[in-house]
Amino acid sequence: MVRAAVLPAVGAPLEIAEIDLPDPGPGQVRIRLAAAGVCHSDLSLSNGTMRVPVPAVLGHEGAGTVVAVGEGVTHVSPGAPVILNWAPSCGTCHACTLGEVWLCANALNGAADVYAHRSSDGRDLHPGLNVAAFAEETVVSASCVLPLPEGIPLTDAALLGCAVLTGYGAIHHSARVREGETVAVFGVGGVGLSTLQSARIAGATTIVAVDVSPEKEELARAAGATDYVVASENTAREIRALTGKQGVDVAVECVGRAVTIRTAWESTRRGGRTTVVGIGGKDQQVTFNALELFHWGRTLSGCVYGNSDPAKDLPVLAEHVRAGRLDLGALVTERIALEGIPAAFDNMVAGKGGRALVIF
Ligand SMILES: [Zn+2]
Ligand SMILES: [Zn+2]
């Protein structure tokens, strides 16, 4: 029996419960979690903005140690430190053959087949986003397990699994920020902070952080922001004023709301790139008129998991961590126990803090 945070039904509060885990079957790995980040997507899964079969164990940003491996697993062995990858790629679908593994058609398919936690009362529990990291231990498909590169603290490594791959990828893969460009980042949560750090790594000169809360300025500046704007109806105007009246080369939206996407778009220079990382609901309609699409010549793109290939990107990120360019600890504003996850959700709704990290 291990303890886990269980979502009993969509919209219901998480329950801390003891659950039974199966032994790892062929192609599976059992992992003892060291830490798991509380991501906005967990909140979206719990409140129904994103869908997950229930009851479920959420949590998808984790790192830990291999306890046991099933038949046929050779790339990790017991005792190995690992990072969980919630979006494993199949290698054979159209997207995978094009190298766009973050769009793998089979990434979230069949998770319940390879993995079914059993709760102590006999109900099957689904692993939210494949890996169910809000538990002391988990059993996952071997394709969800990446060896941890050397020199990275195991608890902080959890953040690499979602927030950092997403923020780094938004800058380096999606927007392809070049040295000397200007960047604005909307939303200073875990992903926003890693996006700011990544813009700094890319050599962006002016880096503007935007958030509704004035209290996040210090956090944002520590992550690389050169300017801080408290969101208002004047945000786009303020950003243009900070960039020679032009607007930024790249605006990254990490919120997922229509008004923020629209503001990010209006803060982007003529010909610049607006990248939407935040996951919004279907009710968030963003409108553009035909003339402005022509006049501004901007590119608007979505971005899934930072358009990252975790197997290729983790070694690069690890090098940035070892060299001190990427500070994982600076993304964490709270270290909590499993019981603290509901309060961490409340803080997200209230727009407070960066990443909350569950320490097991
Ligand atoms: Zn996430
Ligand atoms: Zn695929």
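Helix H5 is largely enclosed by the rest of the structure, because ten of its twelve residues are buried (buried means under 20% relative accessible area, exposed over 50% and partly exposed in between, with a 1.4 Å probe and protein chains only). This is a predicted model, in which local features need pLDDT of at least 70 and side-chain atom pairs count only at pLDDT 80 or more, while totals for chains, interfaces and linings use all residues. Residues are numbered from 1 along each chain as its sequence is written, and side-chain values use heavy atoms, with hydrogens and water left out. Helices (H or I, at least four residues) and strands (E, at least two) are DSSP runs numbered from the N terminus.

The buried residues of H5 are Ala-163, Val-164, Leu-165, Thr-166, Gly-167, Tyr-168, Gly-169, Ala-170, Ile-171 and Ser-174. Beyond the helix comes Arg-176, with a positive phi near 50 degrees.

What does H5 (residues 163–174) pack against? Its partner is helix H11 (residues 310–322), at an angle of about 95 degrees and with the axes 11 Å apart. H5 is therefore roughly perpendicular to H11 (angles of 65 to 115 degrees count as roughly perpendicular, under 35 as roughly parallel, over 145 as roughly antiparallel and the rest as oblique). Val-164, Leu-165, Tyr-168 and His-173 of H5 make the contact with Pro-310, Asp-313, Val-316, Leu-317 and His-320 of H11, where contact means heavy atoms within 4.5 Å. By class, six of these residues are nonpolar, two are polar and one is charged.

Turning to the strands, a closed barrel of five runs in the order E1-E2-E7-E8-E4, with mixed pairing (two strands pair if DSSP finds at least two bridges between them). Strands E1 (residues 2–7) and E4 (residues 56–57) run antiparallel and are joined by two bridges. Val-6 has Val-57 in E4 as its bridge partner.

Two aromatic pairs are found in the structure (rings of Phe, Tyr and Trp, the last by its six-membered ring, pair if their centres lie within 6.5 Å; planes under 30 degrees apart count as stacked, over 60 as edge-to-face and the rest as tilted). Trp-86 and Tyr-305 are stacked, because their ring centres are 4.4 Å apart and their planes lie at 25 degrees. This pair links distant parts of the chain, 219 residues apart. Both Trp-86 and Tyr-305 are buried.

The rings of Trp-265 and Phe-288 are edge-to-face, because their planes lie at 70 degrees, with centres 4.8 Å apart. Trp-265 sits in helix H9 (residues 258–266), and Phe-288 in the loop between strand E15 (268–276) and helix H10 (290–296). Trp-265 is buried, at a relative accessible area of 1%, whereas Phe-288 is partly exposed at 27%.

Definitions and conventions
Chains lettered and ligands numbered in written order. Axes fitted to C-alpha atoms, helices over the stretch in contact; angles between N-to-C directions. Nonpolar A, V, L, I, M, F, W, Y, C, P; charged D, E, K, R; others polar.
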